[in-house]
Amino acid sequence: MKLLVVATALDVGGRFDELMNAAFAAHAASRGQAAEIHLLDAEGAVTDIAAQAAGVQRVYRFNPAMVNNSDALLDAVAQACAQIKPSCVMWMGDVAGHQHAPRLAVRAKAAYVSGCCGFETTASGGLAFVRPIYGGKALEVLESNAAMTVLTVKPKSFSNQERQPVATQTVVEVLNVVIQPSSAAITRVSVDKPEEQTGPTLEDAQVIVSGGRGLGSAEGFGALRELAAQLNGAVGASRAAVDAGWISAKSQVGQTGTTVAPNLYIAIGISGAVQHLAGMSSARHIVAINKDDEAPIFGVADVGVVADYREIVPALLAELAERSA
Amino acid sequence: MRIFVCVKQALDWNASTKDFRIDAATHKVSVSFARYRIDQFDEIALEVALQCRTKHGGQVSALTAGPADADDVLRHAFAMKADQATLIEGAGDGIATAALLAAAVRHYGGGAIVLCGRTSSDNGSGQTGPALAEILGLPFVANVVQIDGEENAWLCRCETADGYETLKVTTPFVASVTNAATNIPRVPTMKDVMQAHRAKLEVLAAATLCPDSATCTPMTRVLRRYVPVTARTGQRIDGAPAQQAKALAEYIRQCLPAHGES
Ligand SMILES: Cc1cc2nc3c(=O)[nH]c(=O)nc-3n(C[C@H](O)[C@H](O)[C@H](O)COP(=O)(O)OP(=O)(O)OC[C@H]3O[C@@H](n4cnc5c(N)ncnc54)[C@H](O)[C@@H]3O)c2cc1C
C-alpha cells in the first residue's frame with residue numbers, strides 16, 4: 001500500500017508541512033498498512049533535502065519537466081498515478097486542487113474524498129476519511145471501496161500536528177510522461193489583482209483581526225489594522241465588507257474566502273453568518289465584539305463583548321499598549 | 001445555443017438550525033422546521049445562465065438528479081424563467097451524480113455550456129463541475145460570476161484567490177459558478193411561481209441513463225455522521241467599555257504564546 005502526496009509549486013513551507021502531516025496521519029490510521037509515503041514533486045518545488053527530512057521514501061519528478069499549464073499538470077499526474085499505482089493520492093485542497101483532484105479521480109476510476117480533515121481506522125483495520133459537511137456543522141466518516149482514493153486535504157486541518165521524524169533514505173525517480181500540446185480552449189484575457197499588503201498573510205497569521213459590515217466604512221478598518229499590527233496578526237473580513245469595497249478580496253474569510261485556523265480570531269462587527277463561520281470556526285480561541293447581543297457569532301465565541309466597536313477597540317488598543325510598554 | 005444548469009435540492013443554508021442533529025442510523029439531518037430548497041450556488045448558476053440568455057439568446061435547461069420530490073427545485077427554475085427542466089430520478093452520490101448529469105446532457109445531444117454551483121451547502125465536495133467536465137471530455141472553468149459572448153468565444157469573469165480574472169473560452173465547456181454582486185438570484189413573481197406549478201417537467205430514469213457504467217456506482221460509503229462537540233465557553237464580558245477592554249486585553253494576552261508563560 002502506497003500513499004502518494006502531490007506537491008505543486010505552491011506546496012512549500014507551511015503547506016508542504018501540512019501535506020506531510022496529513023500523509024503521516026493517514027499512515028498512522030492505516031496501522032502501517034500504508035507502508036510507504038511517496039511524493040510527486042510535480043513542479044520541482046521541493047528539494048531532496050526537504051523530502052528526506054520529511055521522511056519521504058521516494059520522490060518522483062517529471063521528464064519533461066512541467067510547463068505552467070494546468071491541463072498538462074493534470075495529465076502528467078494522471079500518468080504518474082497509472083505508473084505508481086498508489087492506494088491513496090493526496091492533493092492540497094486549494095482552488096486548483098479542488099479542480100484537479102475530482103478530474104483525476106474520474107480519469108483513474110478512483111474514489112474521491114473532498115476536504116479531508118482527519119483519518120480513522122475502520123473496524124476491519126482499513127483507512128477511513130473524516131471530512132466536514134454542512135459547512136462544518138457536522139463531520140462524516142467515509143470508507144472507500146475503490147482500489148485508489150484521491151483526496152484533497154482541508155487547509156489548516158493538519159497544520160498544528162506533531163510529526164515524529166522518521167529516518168529514511170529518499171530515492172529520487174524520474175517519470176517519463178507524454179504531454180499533449182495544449183488545446184488552448186481556455187486563454188487568460190485579463191487579471192484584476194488587489195494591491196499588495198504588508199504583514200503576515202491570513203493563512204500564516206497566528207492572530208486574525210476580522211471586520212464586517214458593522215464597521216460602517218473603509219476607515220473603520222484603520223483601528224483593526226492597528227490592533228492586528230499590535231498583535232502581529234493579519235486583518236480579515238466578512239464578505240459583506242469585501243463586497244462593500246472596504247477591503248480587498250484577499251482578506252475574505254469564509255466559505256467563498258480563505259479557511260483559517262489561527263490561535264486567536266477576533267471578529268468585530270461580524271454577525272456570524274454560516275458562510276462566515278465555515279471559514280473560521282476551527283480557530284483555537286474566538287473573540288466576538290458586536291453591539292447586538294443576539295448576534296450568532298456569540299454562539300461560536302469563547303469570549304463575547306457586547307459593545308460598539310468604536311468604543312471598545314480604541315480602549316483595547318490603549319490597554320494592550322500600556323501593558324506591553 | 002443550450003445552457004444546462006445542474007441544480008440540487010438542499011437544506012436551506014440560511015434557515016436557523018439551532019437544533020441541528022444527525023440521525024445515527026440514517027445519517028440524515030433532522031432539524032425542526034427543516035426547509036429544503038434549491039441550493040445557494042446552483043440558484044446563482046441559474047441566474048448567470050439567465051443573464052447570458054438575455055444578452056445572447058438560447059435556451060436554459062435545469063437538470064436535477066434526486067428523489068421525485070426534488071421537483072420543487074425545477075419548479076423554482078421555471079419560476080425564474082428557465083425554458084426547460086428535467087428530473088433524473090434516483091441519484092448516486094458524488095462522482096456517480098456527475099455521471100448521471102453527464103449522461104442526461106448527452107441524452108439531449110450535448111450543450112454549449114454546462115453550469116453548476118461552486119459547491120453544495122450540504123455535502124460541500126465541489127466535485128460535480130470538475131467531474132462533469134472530465135466525464136464529458138470538456139474544458140472546465142472554476143468560480144465564474146458572469147459570462148459574456150464574443151465572436152466565436154465566451155468571456156468568463158472568474159473569482160480567484162485574490163481577485164478576479166477574465167478567461168476566454170470556446171464552447172462547449174463546463175463551469176462552476178460563485179456569488180458576486182452582479183448575480184444575486186432574481187426573485188420570481190407570484191404569477192411566475194403559480195405558472196411554474198403547472199409547467200411540465202421531463203423525467204428520466206437513472207437506470208436507463210446509466211445502465212451498468214462503473215462511474216454511476218458510488219465508490220465511497222458513509223460509516224458515520226455526527227455533530228462534533230465544541231467546547232466554546234461563550235463567556236460574556238460585561239461592564240463599562242474601559243472595564244470590558246481591560247478584561248478583554250487580559251484574555252487576549254493569555255491566548256498569545258509569548259505572554260502565556262509569564
Ligand atoms: C453563496 C454565498 C457565499 C458566501 N460566502 C461568504 C464568505 O465566504 N464569507 C463571509 O463572510 N460571508 C459570505 N457570504 C455572506 C454571508 O451570508 C453574510 O451576508 C456576511 O457574512 C455578512 O457579513 P457581516 O457579518 O459583516 O454583515 P452583517 O450580517 O450585516 O453583520 C454586521 C454586524 O455588525 C454589527 N454591528 C453593527 N454596527 C456595529 C458597531 N458599531 N459595533 C459593533 N458591531 C456592530 C451588527 O450587530 C451585525 O451583527 C456568502 C453568502 C452567499 C449567499
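**Where chain A meets chain B**

Tutor: Let's start with the charged pairs: nine salt bridges turn up across the interface of chain B and chain A. A salt bridge here is a side-chain nitrogen of Lys or Arg within 4 Å of a carboxyl oxygen of Asp or Glu. The idea behind it is that side chains of opposite charge can pair when their charged atoms come close. Keep in mind that this is a predicted model, where local features need pLDDT of at least 70 and side-chain atom pairs count only at pLDDT 80 or more, while totals for chains, interfaces and linings use all residues. Side-chain values use heavy atoms, leaving out hydrogens and water, residues are numbered from 1 along each chain as its sequence is written, and chains are lettered from A and ligands numbered from 1 in the order in which they are written.

Over all chains, the count of salt bridges comes to 29. One pair is A:Arg103 with B:Glu134, at 2.7 Å from N to O. That pair crosses between chains, running from helix H4 (residues 95-107) of chain A to helix H4 of chain B; helices are DSSP runs (H or I, at least four residues), numbered from the N terminus. Another salt bridge links B:Arg232 and A:Asp302, with the closest N and O atoms 3.0 Å apart.

As for the interface as a whole, 77 residues of chain B touch 81 residues of chain A, contact meaning heavy atoms within 4.5 Å. About 6,800 Å² is buried between the chains, with carbon and sulfur atoms giving 54% of it; buried area is the accessible area (1.4 Å probe) that two parts lose on being put together, summed over both.

Now follow A:Arg103 back into its own chain. In H4(A), A:His100, A:Arg103, A:Leu104 and A:Arg107 meet residues of H3(A), including A:Leu73, A:Asp75 and A:Cys81. H3 (residues 70-84) of chain A packs on H4(A) with the axes 10 Å apart, at an angle of about 45°.

H4(B) (residues 128-136) and H3(B) (residues 95-107) have axes that come within 9 Å and cross at roughly 50°. Among the residues meeting there are B:Ala98, B:Leu101 and B:Val105 from H3(B), and B:Ala131, B:Leu132 and B:Ile135 from H4(B).

Methods: Axes fitted to C-alpha atoms, helices over the stretch in contact; angles between N-to-C directions. Helix = DSSP H or I, 4+ residues; strand = E, 2+ residues; numbered from the N terminus.
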